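The exercises below concern the open spaces of one protein model and the elements around them. Please work through each task before reading its solution.

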Amino acid sequence: SNIRVVREFGDLELARKEGNLAVIAGNEGGKILGSDPSLLDAWFPMGLRHVQFNWAMPNRLGASQDQESDPAQPGLTDFGRQTIEGMNERGMIVDVSHSAPQTILDALQTTTKPILNSHSGGRAIADKPQNLWDEQIKAMGDNGGVIGMHFCSRLVLGVNGVQAEIADVVKQIRYVADVGGIDVVGLGPDWVLGDPERDVPYLRNTNQTDITWTKGLEDSTELPNLWDPLVGGGFTAAEIEKIAGGNMLRLFKDVLPS
């Protein structure tokens with residue numbers, strides 16, 4: 001088959017060698033864990049290697065971005081802490097995208113391994129709850145974690161209804177690299193469109209009908225359009241290598257079973 005499911009870091013090397021597509025099985029929203037830390041023992045043998053604790057709704061692991069201003073929100077819960085400990089032990093990637101700022105800081109204090117924020121950006125230049133304040137970017141850098149830079153226009157720009165340009169993505173990457181260090185930057189385009197049958201109800205049901213992706217970076221075939229503008233933005237070849245996947249690979253090596 002042309003797809004290799006990644007159970008340990010060596011599977012990524014094998015996939016590259018054999019020309020296969022490597023897939024890391026993950027979950028967005030954390031609800032598959034219910035409220036029982038031992039459910040990791042059921043999912044791990046099935047190949048689950050990544051859990052993103054939050055989407056746009058509360059769950060038992062911790063507060064989501066929608067709850068950030070609620071004084072009663074718990075940040076990371078005790079169940080969330082136990083889950084991070086269990087994931088650290090097994091070699092699973094903790095992802096704090098869509099989590100409330102307090103949940104993210106709590107997760108960084110709890111984990112013994114680098115963590116991921118898979119699709120985000122800098123909030124000081126694009127004020128959307130999914131993006132990270134400088135304090136969180138610095139803490140992710142100190143942790144050895146990686147922030148996947150989003151290509152969705154409104155997260156790149158901080159405003160709805162305007163399509164971002166590649167220069168805007170480069171500005172985001174520069175900002176996050178300057179605040180957190182080059183080793184914290186990865187790519188997290190979050191391409192979710194491309195199937196007309198699914199797109200229409202998805203956009204309607206999530207109240208996002210005006211959503212766009214950055215012009216010239218609207219699907220994976222366009223990724224090479226980013227390299228020259230990064231050179232123009234003053235990034236070296238070695239830095240672009242890190243942004244384009246080197247930092248993610250380092251995180252995977254540090255976290256996944258060896």
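**Exercise 1.** How many residues line the largest pocket, and which lie nearest its centre?

*Solution.* The model is predicted, so local features need pLDDT of at least 70 and side-chain atom pairs count only at pLDDT 80 or more, while totals for chains, interfaces and linings use all residues. Residues are numbered from 1 along each chain as its sequence is written, and side-chain values use heavy atoms, with hydrogens and water left out.

A pocket is, on a 1 Å grid over the protein atoms alone, an open set of points where a 1.4 Å probe fits, with protein on both sides within 12 Å along at least five of seven lines, and its lining residues have an atom within 4 Å of a point. By this criterion 35 residues line the largest pocket, and I24, L187, P189, M248 and F252 lie nearest its centre.

**Exercise 2.** Which element gives the most to the lining of the largest pocket?

*Solution.* Among the elements that each supply at least two residues are α1 (9–18), β6 (116–120) and α10 (237–255). Of the contributors, α10 gives the most, with eight residues.

**Exercise 3.** Is β6 largely buried or exposed?

*Solution.* Taking buried as under 20% relative accessible area with a 1.4 Å probe and protein chains only, five of the five residues of β6 are buried, so β6 is largely enclosed by the rest of the structure. Its partner is strand β7 (residues 146–149), with which β6 pairs in the parallel sense over three bridges, and L116 stands opposite V146 in β7.

Technical notes. Helix = DSSP H or I, 4+ residues; strand = E, 2+ residues; numbered from the N terminus. Buried < 20%, exposed > 50% of the residue type's maximum accessible area, 1.4 Å probe, protein only. Pairing = 2+ DSSP bridges.
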